[in-house]
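Below is a short briefing on one protein chain. Look at the sequence and the structure before reading the points that follow.

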Amino acid sequence: MTTPARPEDETLPLATTFGYGLQHILAMFGGVIAVPLIIGSAAQLSAADKVLLVSCCLFVGGAATLLQTLGLPYLGSKLPLVQGVSFATVATMLAIIGTDGRDGLRTVYGAVIVASVIGFLLVPIFGRMLRFFPAVVTGSVITVIGLSLMPVAAGWITGQKTTMVNGTATANPDYLNPGDIGLAFFTLGAIVLLAKSRKLARMAILLGLVIGTLVAAAFGKVSTSAIGSAGIVAVPQPFAFGMPLFEIGAIVSMTIAILVIMVETTADVLAVGEVVGTKVDSRRVGDGLRADLASSALSPVFNSFPATAFAQNVGLVAITGVKSRFAVAAGGAVLLVLGLSPIASAVVGMIPTAVLGGAGIALFGTVAASGIRTLGKVDYDGTNNLIVVAIAIGAGLIPVVKTDFWHRFPSWFETIFHSGISTTAIVAVVLNIVFNMIGGGRKAGSTLATAPALQVTDVETRVLAEGGAFESGQVVRVRPVKEPERA
């Protein structure tokens with residue numbers, strides 16, 4: 001076999017390629033199905049519609065992965081990156097949906113389309129914008145993403161206080177059911193035990209969901225009604241929930257979330273390039289972002305949400321040492337096939353919400369922990385970064401702990417600031433400008449560090465800090481060291 005010019009272009013035997021590809025899908029499957037289940041519940045969709053939503057998200061994730069790994073002109077980094085629906089937009093989408101049900105979901109789709117197009121147009125100048133999203137900002141936002149989703153996990157476990165019966169709100173007899181709470185923590189315990197196994201740790205979430213569902217089935221808590229009506233093969237119907245609605249407040253809020261996603265994707269491209277040991281220049285970063293945003297802009301057409309790079313799969317590349325982008329492309333093909341099989345999605349939809357809630361504690365907690373890890377790279381000595389983090393996170397948690405805090409403000413204002421991620425991003429960016437950028441007050445540790453423990457080299461850091469952009473063909477390298485302090 002001829003050694004490829006680039007390590008990511010290595011070809012493996014077909015069976016091995018799909019085996020490694022399946023491993024990538026297993027590593028991210030729990031996350032990719034959680035988002036449509038969260039949004040489907042918030043939009044008050046039926047069990048059948050939730051199955052449709054899961055199928056569509058799998059389908060779009062598969063198509064986006066193929067675009068990112070195989071690439072088209074100006075689209076795709078051609079690196080081993082898995083694409084899927086992102087948690088980074090969940091809090092924003094929940095805030096947009098509110099109590100509007102399906103109409104709220106249509107508003108989410110309209111906001112995603114416009115925000116993704118805006119992000120796509122910003123790619124050429126994104127190098128200049130990165131300086132507004134240093135570690136002190138992105139770390140705060142990622143932390144709040146995880147924390148703001150904890151009420152969702154708790155709600156899955158306890159259920160709702162009331163249920164609708166013939167159009168009338170009726171007390172839910174299963175609310176705060178000790179059996180459901182026990183099932184959730186049994187699932188969480190299974191995930192903890194699986195995480196201790198070096199071989200099974202990467203699949204701990206997925207296997208925990210399987211074990212929890214099997215135990216729930218033994219107690220009669222699993223419904224199989226959706227499987228009987230599900231077809232074996234079905235192509236996702238465009239705009240199955242109606243045409244998208246466009247509201248200014250929702251679009252502004254979603255645009256902020258998309259900007260945060262662009263920072264995360266940039267860090268993922270840089271990180272996987274370092275892991276693989278290949279050249280990553282500004283053109284390649286731009287191609288990766290364009291693929292990311294093109295997929296996100298088209299995802300609402302097929303009833304899905306923003307499709308972005310999954311950071312956990314970067315870690316899987318490092319652990320396995322399998323650098324071939326074709327192996328990840330094979331995983332994308334598996335996702336695509338799953339999305340075309342409603343019965344496969346119906347099987348996923350059988351998972352009881354209590355089981356999902358138990359896994360959610362670990363899943364959402366991991367997101368928050370990633371943000372905390374990023375904040376650990378921030379320089380707090382002799383800076384005001386501590387106050388930036390404190391106020392940004394505090395402000396972001398206000399709508400989480402007091403959901404009606406902004407209810408008496410204009411609707412556009414409420415839509416933006418009802419989302420913890422939007423609030424945190426706005427406050428963190430403004431405070432970082434005030435404390436670290438105006439008057440040259442910016443210090444080391446406040447440059448881009450979305451991927452924990454990874455920072456760009458001195459030359460690129462200086463380019464970003466001075467508001468510049470990467471030159472065409474310039475090689476971007478990352479290294480696990482802290483940036484030296486500069487006056």
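This is a predicted model: local features need pLDDT of at least 70, side-chain atom pairs count only at pLDDT 80 or more; totals for chains, interfaces and linings use all residues.

Helices (H or I, at least four residues) and strands (E, at least two) are DSSP runs, numbered from the N terminus. The chain has 19 helices and six strands. Residues are numbered from 1 along each chain as its sequence is written.

**Whole chain**

- Of the 487 residues, 54% count as buried; buried means under 20% relative accessible area, exposed over 50%, and partly exposed in between (1.4 Å probe, protein chains only).
- The chain exposes about 20,000 Å², and carbon and sulfur atoms supply 65% of that area; accessible areas come from the Shrake-Rupley method with a 1.4 Å probe, and for residues only the protein chains shown count as cover.
- Among contacts (heavy atoms within 4.5 Å) with a separation of 6 or more, 81% join residues 24 or more positions apart.

**Nonpolar core**

- A nonpolar core is a set of buried Ala, Val, Leu, Ile, Met, Phe, Trp, Tyr and Cys residues joined through side-chain atoms within 4.5 Å.
- The largest such core has 104 residues, and Ile39, Phe87, Met254, Phe305 and Phe364 have the most contacts inside it.
- Helix α10 (residues 248-276) gives the largest share of this core, 16 residues.
- Leaving aside neighbours within four places in sequence, Phe364 is in contact with Ile38, Phe87, Gly146, Leu149, Met150, Val152, Ala153 and Trp156.

**Aromatic rings**

- Rings of Phe, Tyr and Trp (its six-membered ring) pair if their centres lie within 6.5 Å; planes under 30 degrees apart count as stacked, over 60 as edge-to-face and the rest as tilted.
- The whole structure holds eight aromatic pairs.
- In one of them, the ring centres of Trp406 and Phe409 are 5.1 Å apart and the planes lie at 80 degrees, so this pair is edge-to-face.
- Trp406 is buried at 15% relative accessibility, whereas Phe409 is partly exposed at 40%.
- Both belong to one aromatic cluster, formed by Phe405, Trp406, Phe409, Phe413 and Phe417.

**Thr143**

- Thr143 is in helix α6 (residues 135-158) and is buried, with 5% relative accessibility.
- Not counting residues up to four places away in sequence, Thr143 touches Ala368, Gly371, Ile372, Leu375 and Ile393.
- The side chain of Thr143 also reaches the backbone nitrogen of Ile372 at 3.3 Å.

**Helix α8**

- Helix α8 (residues 204-218) has 15 residues and reaches 21 Å from its first C-alpha to its last, close to the expected 21 Å; the expected span is 1.5 Å times one less than the number of residues.
- The buried residues of α8 are Ala204, Leu206, Gly208, Leu209, Gly212, Thr213 and Ala216.
- After α8 comes Gly220, with a positive phi near 70 degrees.

- Which loop holds Lys78? Lys78 lies between α2 (47-70) and β1 (83-85); its phi is near 55 degrees, and the residue is partly exposed at 31%.
- Asn303 is in the loop between α11 (282-298) and β4 (307-309); its phi is near 60 degrees, and the residue is buried at 0% relative accessibility.

How values were computed:
Side-chain values use heavy atoms; hydrogens and water are left out. A polar contact is a pair of N or O atoms within 3.5 Å; within protein, one must be able to donate a hydrogen and the other to accept it, and residues adjacent in sequence count only if both atoms are side-chain atoms.
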